[in-house]
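Here is a short report on a single chain.

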Amino acid sequence: MGKANKYEIDTDKLLDIACGNVIDREFSETLIIKLPKQLLKQWKGQKKRFEKVLGAKVSDSQLLEWLIVEMSNTPNESYK
């Protein structure tokens with residue numbers, strides 16, 4: 001094998017580093033809340049539903065973000 005070019009970039013390693021940094025910055029705050037058992041059960045059900053729709057794993061942070069965006073796009077009259 002030849003000598004590796006010192007200017008060559010391993011794109012897989014670069015992508016791993018970039019994704020890790022984005023996640024660290026994107027979800028940098030912690031929210032702790034107490035929920036009734038029934039609401040937690042509904043949360044888990046919605047998480048599974050969302051994962052099925054997307055075809056990928058979803059974190060609690062991603063689900064909360066999606067729910068907040070959906071609520072932001074819903075007119076206030078819908079909640080009356």
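## Largest pocket

The largest pocket holds about 600 Å³ of space. On a 1 Å grid over the protein atoms alone, a pocket is an open set of points with protein on both sides within 12 Å along at least five of seven lines. Its volume is the space filled by probe spheres set on the points, which are joined across faces, edges and corners. The pocket has 21 lining residues, meaning residues with an atom within 4 Å of a point. Closest to the centre are L31, I33, W43, D60 and L64.

The model is predicted: local features need pLDDT of at least 70 and side-chain atom pairs pLDDT 80 or more, while totals for chains, interfaces and linings use all residues. Residues are numbered from 1 along each chain as its sequence is written, and side-chain values use heavy atoms, without hydrogens and water.

## Lining

Which helix gives the most to the lining of the largest pocket? It is α3, with seven residues. Both α2 and α3 supply at least two. By class, the lining has eleven nonpolar, five polar and five charged residues. Ala, Val, Leu, Ile, Met, Phe, Trp, Tyr, Cys and Pro count as nonpolar; Asp, Glu, Lys and Arg as charged; the others, Gly among them, as polar.

W43 sits in helix α2. W43 counts as partly exposed because its relative accessibility is 24%; buried means under 20% relative accessible area, exposed over 50%, and partly exposed in between (1.4 Å probe, protein chains only). W43 and L63 are 20 residues apart in sequence, and their C-alpha atoms are 9.0 Å apart.

## Nonpolar patch

L31, I33, L35, L39, L40, L64 and I68 form a nonpolar patch on the surface. Together they have about 600 Å² of accessible area. Two elements give two or more residues each to this patch: α2 (37–54) and α3 (60–72). Patch residues have over 30% relative accessible area and no salt bridge, and nonpolar side chains (Val, Leu, Ile, Met, Phe, Trp, Tyr) are joined within 5 Å. A salt bridge puts a side-chain nitrogen of Lys or Arg within 4 Å of a carboxyl oxygen of Asp or Glu.

L40 belongs to helix α2. L40 is partly exposed because its relative accessibility is 35%.

## Chain overview

The chain has three helices and zero strands, in the order α-α-α. Helices (H or I, at least four residues) and strands (E, at least two) are DSSP runs, numbered from the N terminus.

Of the 80 residues, 5% count as buried. The chain exposes about 7,900 Å² (Shrake-Rupley method, 1.4 Å probe). Carbon and sulfur atoms supply 57% of that area.

Definitions and conventions:
Patch = residues over 30% accessible without salt bridge, like charges linked within 9 Å, V, L, I, M, F, W, Y side chains within 5 Å. 1 Å grid on protein atoms, 1.4 Å probe; cavity = no way out; pocket = protein on both sides within 12 Å on 5 of 7 lines; lining within 4 Å.
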